[in-house]
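User: Hello! I am new to this structure and would like to walk through a few of its residues with you. Could we take them one at a time?

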Amino acid sequence: MYPSHVPLYYNNPFSQEAYIYSLPYQEMDYYYSTLDGRQFDGHQPPSAPPGQDLEPGPPTSPPPSIVPQQTHQAGAYAVDPGSMISCLHRYTYVWLRGREQFWFYPTFIGRHSVSGYRWTGSRWVHYGISLRQIQSFTCV
């Protein structure tokens with residue numbers, strides 16, 4: 001009654017499994033180095049090219065003492081990462097949705113988030129935030 005040549009699992013090109021299994025298998029290439037100190041004459045290999053840090057550190061001075069006026073507001077959803085590019089490595093005052101506001105020093109701007117350093121009132125601390133949470137910002 002049931003044909004024996006029909007496989008138990010058949011290939012349906014519109015199924016979710018077709019998309020999962022049709023992709024080539026890619027193994028995560030984790031590289032664990034076993035460095036020997038003799039390879040570098042007793043010195044450690046450089047982690048970045050001379051004169052270039054992997055990520056810039058916090059500013060060496062506190063932000064301005066004056067809180068700027070809130071001038072423009074973001075749209076209904078999120079701040080555009082391109083609009084914040086001009087504030088990279090500059091003192092930036094940020095207003096979040098929910099009334100929180102603070103001085104920020106952005107060092108990286110991604111598609112959906114920004115990271116850098118937030119002023120606590122006494123020091124800079126590493127901080128990251130989603131662009132969706134930013135209501136408005138201004139840089140000086």
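Predicted model: local features only at pLDDT ≥ 70, side-chain atom pairs only at ≥ 80, totals over all residues.

User: Is histidine 89 buried, partly exposed or exposed?

Analyst: Residues are numbered from 1 along each chain as its sequence is written, and side-chain values use heavy atoms, leaving out hydrogens and water. Buried means under 20% relative accessible area, exposed over 50%, and partly exposed in between (1.4 Å probe, protein chains only). Histidine 89 has a relative accessible area of 34%, so histidine 89 is partly exposed.

User: What is the phi of arginine 99?

Analyst: Most residues other than glycine have a negative phi. Arginine 99 is not a glycine, yet its phi is positive, at about 75°.

User: Where is arginine 118, and is it buried or exposed?

Analyst: Arginine 118 sits in strand 3 (residues 113–119), strands being DSSP runs of E with at least two residues, numbered from the N terminus. Its relative accessible area is 17%, so arginine 118 is buried.

User: Which side chain makes a polar contact of 3.2 Å with the side chain of arginine 118?

Analyst: A polar contact is a pair of N or O atoms within 3.5 Å; within protein, one must be able to donate a hydrogen and the other to accept it, and residues adjacent in sequence count only if both atoms are side-chain atoms. The side chain of arginine 118 makes one with the side chain of glutamate 100, at 2.5 Å. The 3.2 Å contact joins arginine 118 to the side chain of tyrosine 127.

How values were computed
Helix = DSSP H or I, 4+ residues; strand = E, 2+ residues; numbered from the N terminus.
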